[in-house]
Amino acid sequence: MKKILLFLITTIFNVNAFSQKSPDILIDQFATNLAEVSADTAVTQLFSTNQWMSRNLDATDQVSRQLSNTLPLIGNFIGKELITKKQVGTSLVLYSYLFKYERQPIRFNFVFYKPTDEWVIYKFNYDDKLDDELIEAGTLYFLDLNQ
């Protein structure tokens with residue numbers, strides 16, 4: 001009986017400990033859904049963490065539609081790499097990821113906010129301008145020529 005009670009208590013505490021999803025877990029779920037299910041599922045699940053964003057069905061549909069139209073043109077998902085992580089205090093964090101596809105990379109930016117005890121998506125966008133920024137960073141204007 002004691003073993004059963006101990007098991008139940010441990011299970012309850014573990015479920016509560018893991019019910020709070022970190023931004024890393026939310027991004028991993030987004031990537032998995034994007035690669036294995038659909039853009040619509042990935043975006044809907046991500047936006048569902050924030051009641052204010054999930055209410056805006058037009059924005060959710062627009063992002064889902066754009067991603068659904070883009071992804072078939074760039075091939076299969078290969079993996080993701082963290083570009084940068086920036087944090088303001090303990091409640092606001094930006095993750096910028098390079099999602100690698102067969103044809104080209106896509107940058108996804110996730111801003112998460114923790115108003116109380118759970119992380120929610122606050123801002124989300126994506127683009128394919130990384131190569132333009134990389135080329136611009138290599139121009140003479142940005143180089144230190146006094147070396």
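# Aromatic core and strand pairing

User: Which residues is Phe 108 in contact with, leaving aside its neighbours within four places in sequence?

Analyst: Phe 108 is in contact with Phe 30, Leu 34, Leu 67, Tyr 95, Ser 96, Tyr 97, Phe 99, Phe 124, Asn 125 and Tyr 126. Contact means heavy atoms within 4.5 Å. The model is predicted: local features need pLDDT of at least 70, side-chain atom pairs count only at pLDDT 80 or more, and totals for chains, interfaces and linings use all residues. Residues are numbered from 1 along each chain as its sequence is written, and side-chain values use heavy atoms, with hydrogens and water left out.

User: Why is the pair of Phe 30 and Phe 124 called edge-to-face?

Analyst: Rings of Phe, Tyr and Trp (its six-membered ring) pair if their centres lie within 6.5 Å; planes under 30 degrees apart count as stacked, over 60 as edge-to-face and the rest as tilted. Here the centres are 5.4 Å apart and the planes make 65°. The distance meets the pairing limit and the angle passes the edge-to-face one, so the name holds. By this rule the count comes to 17 aromatic pairs.

User: What makes the pair of Phe 30 and Phe 124 a tie between parts of the chain?

Analyst: Phe 30 lies in helix α2 (residues 23-36) and Phe 124 in strand β4 (residues 120-127), so the pair links parts 94 residues apart in sequence. Helices (H or I, at least four residues) and strands (E, at least two) are DSSP runs, numbered from the N terminus. Both Phe 30 and Phe 124 are buried. They also belong to one aromatic cluster, whose members include Phe 47, Phe 77, Phe 108 and Tyr 126.

User: Why is Ser 91 called partly exposed?

Analyst: Buried means under 20% relative accessible area, exposed over 50%, partly exposed in between (1.4 Å probe, protein chains only). Ser 91 has 27%, so it falls in between. Ser 91 is found in the loop between β1 (77-88) and β2.

User: Why is Lys 86 called exposed?

Analyst: Its relative accessible area is 53%, so Lys 86 passes the exposed cut-off. Lys 86 has its place in strand β1. Leaving aside neighbours within four places in sequence, Lys 86 is in contact with Leu 92, Val 93 and Leu 94.

User: How do you know that β2 and β3 pair?

Analyst: Two strands pair if DSSP finds at least two bridges between them. Strand β2 (residues 92-101) and β3 have 9 bridges, in the antiparallel sense, so they pair. Val 93 stands opposite Phe 112 in β3. A hairpin of 3 residues joins β2 to β3.

User: What makes strand β3 mostly covered?

Analyst: In β3 (residues 105-113), 7 of its 9 residues are buried.

User: How do you know that the buried residues of α3 line one face?

Analyst: In helix α3 (residues 39-47), Ala 39, Ala 42, Val 43, Leu 46 and Phe 47 are buried. Seen down the axis, they fall within an arc of 115°, so they line one face of the helix. The arc is that of the directions from the helix axis to the C-beta atoms.

User: What makes a set of residues a nonpolar core?

Analyst: It is a set of buried Ala, Val, Leu, Ile, Met, Phe, Trp, Tyr and Cys residues joined through side-chain atoms within 4.5 Å. The largest one has 28 residues, and Phe 30, Phe 108 and Phe 124 are among those with the most contacts inside it. α2, α3, α5 (57-74), β2, β3 and β4 each supply at least two residues of this core.
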